[in-house]
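I'd like to walk you through one model, starting with a few single residues and then stepping back to the whole chain. Have a look at it first.

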Amino acid sequence: MSSYAEKVLKQVKRDNPGQPEFHQAVAEVLGSLKLVVDSDKRYEKAGLLERLVEPERVLMFRIPWVDDKGRVRINKGYRVQFNSAIGPYKGGLRFHPSVNLSVMKFLGFEQIFKNSLTGLAIGGAKGGSNFDPKGKSDGEVMRFCQSFMTEMFRHIGVDTDIPAGDIGVGSREIGYLMGQYKRIRNEYVGVLTGKGLSYGGSLVRKEATGYGLVYLSEEALNARSDTLAGKTVTVSGSGNVAIYTCEKAAQLGAKVVTVSDSDGWVYDPAGINLDVLKQVKEEERGRLTAYAERVKSAEYHARGNGSVWDVTCDVAFPCATQNELDEVAAAKLVKDGVILVAEGANMPTTAKGTDIFLENSVIFLPGKAANAGGVATSVLEMSQTDTRLFWSFEKVERKLQTIVKHIFTSIDDAANRYGVRGNYVVGSNIAGFEKVADAMMAEGIV
């Protein structure tokens, strides 16, 4: 006889065909929650899992805009408002050609548990578009963002839904979106996070996801009387999360030797030169070939010629995109002696890859816990905007560290309580679920 969780998973796959990323995310969570919901019949009686896996609201809309040559372009826009049981919807906007409904639902579902783990009062959502900012002029990006916000403004608000940035949505895009919201609504409120420092942003927001990832990894290592100091680290990606993962890991005494982008990857045995990486990626919006040209110790490998996971390391931080680290790469990392893998991106490790790490006693920190530092600092930004205050870098970073310590304590405790000590996948899912489930039960059948 199927368990309650298994029955709901079958229903999700049946009712949401052609959405593999969403299926994968739900399967991973419900696989953990069997330990909780199958022993307490209150959840099944209340239809809690059926409600949990169904978004409260899915918005899909067209985004017309005009390019620099005067041609009319059309993109798809999405906002999946998944769960508001513990607070207003909170989650990023992603502008990338891979964006579709399945990706938006997987990200929104993950965001429920990530936001819950922070201990802050925010629900889960995600949104975005299949628009690609890469190669577009500032004018084209501005016109697209203004058109996107012209539709989305009616669905968001400081007590309803507060979007932030994600892949393809940085300070430039947030600025254009904020400007259009203010223009339409004739009010200045903190309806977006990730804003520039000159108009309501927060120090540490840019660094927060990468810093939080490293802090949580250090907590997990410390629990085993170990530390990042002296470790060799591989990082995938070279965007915001990857750059500040490199920075904080280096500050804690590790040596980061790889980064990547969509065209290829770099191996730098001397350690990634952060000044050059920031210049290439943040200032010039360039490719890693430019890094390799300027740093003599670096080796550049074009896409298809191996990957960062071929490099022997102690710690691996996948910070690029979903399902980038498969079972072949996981097995290679295990064979080469990896100690810890922590996800800077959302679901960058495949289900089979995750199983390999867990079966081989590798410390594995899933994205919903490991990259929650970004959304946590977004809420700190919201607090500053609401009170018209501006906190120092040190104050925000201290608050971030406190939140990360809370996350580790929560996931470690949940894993121990349910007899799976050291399994932070199960610990994260259960710890994130418990708060949301309690709120949903208290609020009735809504």
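So, which helix does methionine 152 lie in? That one is helix α6, residues 138-152. Helices here are DSSP runs of H or I with at least four residues, strands are runs of E with at least two, and both are numbered from the N terminus.

Quick housekeeping before I go on. This is a predicted model, so local features need pLDDT of at least 70 and side-chain atom pairs count only at pLDDT 80 or more, while totals for chains, interfaces and linings use all residues. Residues are numbered from 1 along each chain as its sequence is written, and side-chain values use heavy atoms, with hydrogens and water left out.

Back to methionine 152. Buried or exposed? It counts as buried, at 0% relative accessibility. For the cut-offs, buried means under 20% relative accessible area, exposed means over 50%, and partly exposed is in between, with a 1.4 Å probe and protein chains only. Setting aside neighbours within four places in sequence, methionine 152 is in contact with Phe61, Arg79, Leu93 and Pro163, where contact means heavy atoms within 4.5 Å. There's also tyrosine 78, which is 74 residues away along the chain, with 8.9 Å between the two C-alpha atoms.

Next, serine 102, in helix α5, residues 101-117. Serine 102 is buried too, with a relative accessible area of 4%. What does it touch, beyond neighbours within four places in sequence? The list is a run of residues: Gly18, Gln19, Pro20, Glu21 and Phe22.

Glutamate 44 sits in helix α3, residues 41-45, and is partly exposed at 29%. Its contacts, not counting residues up to four places away in sequence, are Tyr4 and Lys7. The C-alpha atom of glutamate 44 is 9.0 Å from that of alanine 5, and those two are 39 residues apart along the chain.

Now over to strand β8, residues 264-267, where we find tyrosine 267. Tyrosine 267 counts as partly exposed, at 23% relative accessibility. Leaving out residues up to four places away in sequence, it touches Val257, Thr258, Ser297, Ala298, Glu299 and Val311.

A word on backbone angles. Most residues other than glycine have a negative phi. Which residues here go the other way? Asparagine 323 has a positive phi, near 60 degrees, and is found in the loop between β10 (315-318) and α12 (327-335). Asparagine 323 is partly exposed, at 29%. Methionine 347 also has a positive phi, of about 50 degrees. Methionine 347 lies in the loop between β11 (340-342) and α13 (351-359), and at 6% relative accessibility it counts as buried.

Okay, let's zoom out. How many helices and strands does the chain have? We get 17 helices and twelve strands. The radius of gyration is 21 Å, close to the 22 Å that the globule rule gives for 446 residues, so the chain is as compact as a globular protein of that length. That radius is taken over C-alpha atoms, and the rule is 2.2 Å times the number of residues to the power 0.38. Along its principal axes, the C-alpha trace spans about 60 × 55 × 45 Å.

Of the 446 residues, 57% count as buried. And among contacts between residues at least 6 apart in sequence, 72% join residues at least 24 apart.

Last topic, the nonpolar cores. A core here is a set of buried Ala, Val, Leu, Ile, Met, Phe, Trp, Tyr and Cys residues joined through side-chain atoms within 4.5 Å. The largest has 100 residues, and Leu49, Phe109, Phe317, Leu365 and Phe433 touch the most other members. Which helix gives the most to this core? Helix α17, residues 424-443, with nine residues. Apart from that core lies another, of 21 residues, among them Ile63, Leu93, Met149 and Leu177.

Take one more look at leucine 365: beyond four places in sequence, its contacts include Leu216, Ala220, Leu340, Ile411 and Tyr424. Okay, that's my tour.
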